[in-house]
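Please find below a colleague's note on the model shown here.

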Amino acid sequence: MEKEIIKYTSQIYSAISALIDKCKHSVLHKVNNEMVLLYWNIGKYLVCTVLNENKAEYGQKIVEELSVKLSLNYGKGFEKTSLFRMIKFYREFPDIEKVATLSQQLTWSHFVELLPIEDEVKRNFYAIMCCNENWNVRTLRERRKSMLFERTAISKKPDITIKNDLLLLQAIENAKSKGAN
């Protein structure tokens with residue numbers, strides 16, 4: 001009888017542990033998604049209200065002063081370099097729908113790794129590959145360092161063909177994920 005209780009308790013523990021782990025993953029995913037959208041919105045707000053309406057030097061001073069106040073209240077995630085990263089994020093990814101879609105699969109750390117890529121086509125290639133291949137940030141760094149984009153046949157095509165190929169890859173992946181749900 002005691003062995004049955006231990007076995008049954010173990011089964012229940014496993015089932016409840018799976019529920020807890022699933023919920024934790026879901027919460028982390030939602031928090032990441034909201035943080036990415038928050039950072040995009042902060043970048044947009046700063047670009048549209050501070051940097052576009054003021055001279056560059058004056059706007060930068062405002063962002064620097066703002067970062068001091070935000071850091072005191074909200075921590076180091078709002079330091080000067082972080083705010084300027086949010087501004088760059090908005091400028092490099094101005095389409096909120098694209099950001100909302102990508103943020104479902106990419107973390108803020110992925111976006112931080114993608115931001116230094118100047119070429120939009122190349123940046124989109126890596127973003128889509130991260131989503132389609134489920135790359136973590138370390139894998140993204142390694143693929144960039146190994147110049148994956150430059151070594152693929154896709155990089156030799158005209159930009160319009162690359163954009164169409166990337167859209168096709170994205171559509172295929174979206175169809176797969178919808179079919180899985």
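1. The model is predicted: local features need pLDDT of at least 70 and side-chain atom pairs count only at pLDDT 80 or more, while totals for chains, interfaces and linings use all residues. Residues are numbered from 1 along each chain as its sequence is written, and side-chain values use heavy atoms, without hydrogens and water.

2. Helix α7 spans residues 137–145, and Val137, Thr139 and Leu140 are buried within it. These residues lie on the same side of α7, because they cover an arc of only 160 degrees around the axis (the arc of the directions from the helix axis to the C-beta atoms). The face turned away carries the exposed residues Arg138 and Lys145. Buried denotes under 20% relative accessible area, exposed over 50%, and partly exposed in between (1.4 Å probe, protein chains only). Helices are DSSP runs (H or I, at least four residues), numbered from the N terminus.

3. Glu113 pairs with Arg141 in a salt bridge (3.0 Å, N to O). Arg141 belongs to α7 and Glu113 to α5, so the bridge ties together parts 28 residues apart in sequence. Glu113 also forms a salt bridge with Arg144, with the closest N and O atoms 3.3 Å apart. A salt bridge requires a side-chain nitrogen of Lys or Arg within 4 Å of a carboxyl oxygen of Asp or Glu.

4. Glu113 is buried at 15% relative accessibility, whereas Arg141 is partly exposed at 44% and Arg144 is partly exposed at 25%.

5. Just after α7, Met147 adopts a positive phi of about 60 degrees.

Conventions: Helix = DSSP H or I, 4+ residues; strand = E, 2+ residues; numbered from the N terminus.
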